[in-house]
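Dear colleague,

Please find the structure we spoke about below, followed by some notes on what turned up in it.

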Amino acid sequence: METILRQGLAALGLPQDAVPQLIAFSDRLLETNKVMNLTAITEPQDVAALHFLDSAALLTLAGFRGKSVVDVGTGAGFPGMP
């Protein structure tokens with residue numbers, strides 16, 4: 001997962017400083033998903049690519065610096081958390 005995140009964030013031109021937090025979030029997400037249906041994506045490498053990197057890609061589409069954004073009703077925290 002770490003390699004996928006680092007390579008993906010680098011390819012998007014985004015910093016990699018949040019990788020440890022994303023891995024911790026993934027661990028909690030997958031553990032909670034065992035008792036509560038949060039996502040159908042259950043493999044760590046798929047969480048990295050399909051949840052985290054897809055969400056992070058939104059940062060490359062618009063200028064968010066100095067702006068407030070609200071993430072309403074996205075379920076398991078995507079795309080807002082990453």
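**Helix packing and surface**

The axes of α1 (residues 2-12) and α3 come within 10 Å and cross at roughly 20°, and α1 passes α3 in a right-handed crossing, the near helix being turned clockwise from the far one by less than a right angle. Axes here are lines fitted to C-alpha atoms over the stretch in contact, with angles from 0 to 180 degrees between N-to-C directions, and helices are DSSP runs of H or I with at least four residues, numbered from the N terminus.

This is a predicted model, in which local features need pLDDT of at least 70 and side-chain atom pairs pLDDT 80 or more, while totals for chains, interfaces and linings use all residues. Residues are numbered from 1 along each chain, and side-chain values use heavy atoms, without hydrogens and water.

Gly75 and Leu38 are 37 residues apart in sequence, yet 7.1 Å apart in space, C-alpha to C-alpha.

Finally, Pro79 also belongs to the segment after α3, and a cis peptide bond with omega of about 5° joins Phe78 and Pro79; most peptide bonds are trans.

Best regards

Notes:
Helix = DSSP H or I, 4+ residues; strand = E, 2+ residues; numbered from the N terminus.
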